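Thanks for coming. I will talk through the packing inside one structure, so please look at the display.

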Amino acid sequence: MKKDKRKVWLKYGKFSIILTLLILSTSVTLKGVTFSSIKNDNLAKSVSSEVYDHAQNELYLAGLFTPVASFNGDLTGYAGDCPLCSGVLACHPRTNVLEKGIYFNDDMYGTVRIVATSKKYPCGTIIRFKAARLGEEAVVAVAMDRGVLGNDVDLLVNSEKEATTNVGRIRNQQFEILRLGW
């Protein structure tokens with residue numbers, strides 16, 4: 001049994017070394033992410049820790065933005081200043097968006113937008129979507145609020161006026177889940 005486990009670990013170790021060397025030798029595109037080439041002038045042809053760290057970081061970022069699932073639903077806008085709204089989000093750390101704004105600083109994804117989802121998607125779920133009304137860039141957001149049914153997603157915006165004029169209701173929007181919960 002122990003020999004079988006060692007063989008599996010050896011196999012994965014060889015794979016990671018080959019993949020690292022492949023990345024170091026040329027520019028490679030994997031799932032839409034281009035890995036840049038790094039020149040290694042070391043005459044001993046050993047891999048320096050700087051080169052290795054850079055390659056590992058690129059692999060990490062490639063996996064970080066690879067969707068684990070996708071779904072379709074309606075996208076609408078909402079604001080923390082609506083009548084009967086407290087401005088306090090339902091998920092930990094229960095941020096008051098009237099004071100802190102519409103962005104959240106996530107440890108893994110950096111500064112992201114805030115969305116409300118149904119309880120179907122756990123707090124901390126990272127969702128990515130691209131809507132023409134919101135610009136050319138894809139929106140990366142974290143689920144930190146509740147009050148939505150099914151697969152619908154509400155994007156937190158600065159005011160109710162912005163919610164109705166800039167976002168409105170976008171039907172059958174495709175969403176990608178990058179991380180499911182914290």
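In which strand is Val139 found? Val139 sits in strand S7; strands here are DSSP E runs of at least two residues, helices are H or I runs of at least four, and both are numbered from the N terminus.

Two notes on the source. This is a predicted model, where local features need pLDDT of at least 70, side-chain atom pairs count only at pLDDT 80 or more, and totals for chains, interfaces and linings use all residues. Residues are numbered from 1 along each chain as its sequence is written, and side-chain values use heavy atoms, leaving out hydrogens and water.

Back to Val139. Its relative accessible area is 10%, so Val139 is buried, a word meaning under 20% with a 1.4 Å probe and protein chains only, against over 50% for exposed and partly exposed in between. Leaving aside neighbours within four places in sequence, Val139 is in contact with residues including Arg113, Phe129 and Leu155; contact is heavy atoms within 4.5 Å.

Leu155 in turn touches, among others beyond four places in sequence, Leu75, Ile114 and Val167.

Now the cores. A nonpolar core is a set of buried Ala, Val, Leu, Ile, Met, Phe, Trp, Tyr and Cys residues joined through side-chain atoms within 4.5 Å. The largest has 18 residues, and Leu75 and Leu155 touch the most other members. Among the elements supplying at least two residues each are strand S3 (69-79), strand S7 (139-145) and helix H4 (160-167). A second, separate core of 17 residues includes Tyr78, Ile126, Met144 and Leu156.

Last, Thr95, in the loop between S3 and helix H3 (97-100). Thr95 is buried at 15% relative accessible area, and its contacts beyond four places in sequence include Met144 and Lys100.
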